[in-house]
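Let me put the thing on the screen and then we can walk through it.

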2 protein chains.
Amino acid sequence: MCETCGCSQNQGTKVMDVHKSILSANERQAQANKEHLARLGAVAINMISSPGSGKTTLLERTIDELGKELRIGVIEGDIETDRDAERIRAKGVPVVQITTGGACHLDAHLVHKGIRTLEAQLTRPMLDLLFIENVGNLVCPAAFKLGEHHRMVLLSVPEGSDKPIKYPKAFLSADIFVITKIDLLEYFDFSIEEAFDYALRLNPKLKTIALSAKTGEGMNEWLVYLKGVIH
Amino acid sequence: MCETCGCSQNQGTKVMDVHKSILSANERQAQANKEHLARLGAVAINMISSPGSGKTTLLERTIDELGKELRIGVIEGDIETDRDAERIRAKGVPVVQITTGGACHLDAHLVHKGIRTLEAQLTRPMLDLLFIENVGNLVCPAAFKLGEHHRMVLLSVPEGSDKPIKYPKAFLSADIFVITKIDLLEYFDFSIEEAFDYALRLNPKLKTIALSAKTGEGMNEWLVYLKGVIH
């Protein structure tokens, strides 16, 4: 069984070997990206979630809160359209849109191109924080390191608190698990405690935060976390 | 660029060839599944959406409404856990759980095994409707035919009405687009008209329905659609 994206699950060793070699080429590029980011002074966070979980909205609010204090850059990954990059650009921070043209996740090679394009936009060659917003997909992005320093998985209240056990890989490989849209708790049968418990059973080292970018509840804990990771 | 799952996007022709051969093996098995389903008398619907869009809840309500009138079977696809199959089993219809063990979508070979297991549960060797609930993923499942007669894409109100243009492939390949959780419209900035418009620009032949399995609004149109496809 291929663990990378599953398309070869019944196809035997030939594809397995090719996938292993893809992952190993990806890991080499991810390591190079990490060194590249170190030269920029940037701590990078890879954001993984389903479509519509509120990644871009959380970024908008985060830039509102920290944009004057920290030098923030964003790489937006989407299959099509540059809508998310437009939203971030309106906040006045450097942003690069990567469209994958059908592919279900970012990989380290795409992010390498993104970092180079972003660099060209910087007035000073330094960043504090780089957010990499992955393609909306809770499955495939988990298999691909991008060179990030921290991996974040987001789950919104409408998606249901059972998702950590149904889609474990993203939770197993993450450093921080953020529940979003908690302003909607009263309308859904969602338990923050249950979601955190499922995730922590998979990965006891996960940092957990529950927040609403709309009302601001929980945002302070998230901002404190961010300030902590850059030092 | 590989259009199947993207994992090979920067890896050149060797992987492209392997992926073409996977897709072509999948298409042959999908055709065999279709013939197998014809012998059972079943019309099969492949349900594609993000995690948490309400596929299982819609199935529960559909079985409540049509379970006495039609012979319904369900194949549940998940990465891990048999929670969805348990929910469907409680409704008293034949159900098979397929866990992909990490893979991001169902393929025709897995569904072939599912159909054979389901067949063994039938008291009479006939079905009217077979629902195949794919893995929660709006991207990868669109590339894999399963032998279904109709492909359905679901989008829930909390996910946002821009998703058809951001994740076009599922909408391009579907026959029917169902918006779920419309009871939540007042809490979200979601436009049914905009979502349908985006989807219909991609695929003018799409049948569109907006419903809430919770309140029952729009359910009648869905039930009429289902009765129509089996005749």
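Housekeeping before that. This is a predicted model, so local features need pLDDT of at least 70 and side-chain atom pairs count only at pLDDT 80 or more, while totals for chains, interfaces and linings use all residues. Residues are numbered from 1 along each chain as its sequence is written, chains are lettered from A and ligands numbered from 1 in the order in which they are written, and side-chain values use heavy atoms, with hydrogens and water left out.

So, the sheet in chain B. Helices (H or I, at least four residues) and strands (E, at least two) are DSSP runs, numbered from the N terminus, and two strands pair if DSSP finds at least two bridges between them. On that basis 7 strands make an open, parallel sheet, in the order β3-β2-β4-β1-β5-β6-β7. β3 (95-99) and β7 (207-210) of chain B sit at the edges with a single partner strand each, so one side of each has no neighbour in the sheet. On average, neighbouring strands are turned by 20° against each other, direction ignored.

Contact here means heavy atoms within 4.5 Å.

Over to chain A and helix α2 (residues 55-66). The expected span is 1.5 Å times one less than the number of residues; for these 12 residues that gives 16 Å, and the end C-alpha atoms are 16 Å apart, so it agrees. Buried, by the way, is under 20% relative accessible area, exposed over 50%, partly exposed in between (1.4 Å probe, protein chains only). The buried residues of α2(A) include A:Leu58, A:Leu59, A:Ile63 and A:Leu66, and their cover includes β1 (43-48), α3 (83-89) and α8 (219-229) of chain A.

A:Glu60 is buried too, at 17%, and forms a salt bridge with A:Arg87, closest N and O atoms 2.9 Å apart. Because A:Glu60 is in α2 and A:Arg87 in α3 of chain A, the pair ties together parts 27 residues apart in sequence. A:Arg87 is partly exposed, at 31%.

A salt bridge, for the record, is a side-chain nitrogen of Lys or Arg within 4 Å of a carboxyl oxygen of Asp or Glu. How many does the structure hold over all chains? There are 24.

Which one crosses between chains? B:Asp78 and A:Lys166 meet at 3.7 Å, N to O, and that pair goes from strand β2 of chain B to helix α5 (residues 163-166) of chain A. B:Asp78 is buried at 2%, and A:Lys166 is buried at 5%. And A:Asp78, A:Asp84 and B:Lys166 are linked in a salt-bridge network.

That's my tour; over to you.

Methods
Axes fitted to C-alpha atoms, helices over the stretch in contact; angles between N-to-C directions.
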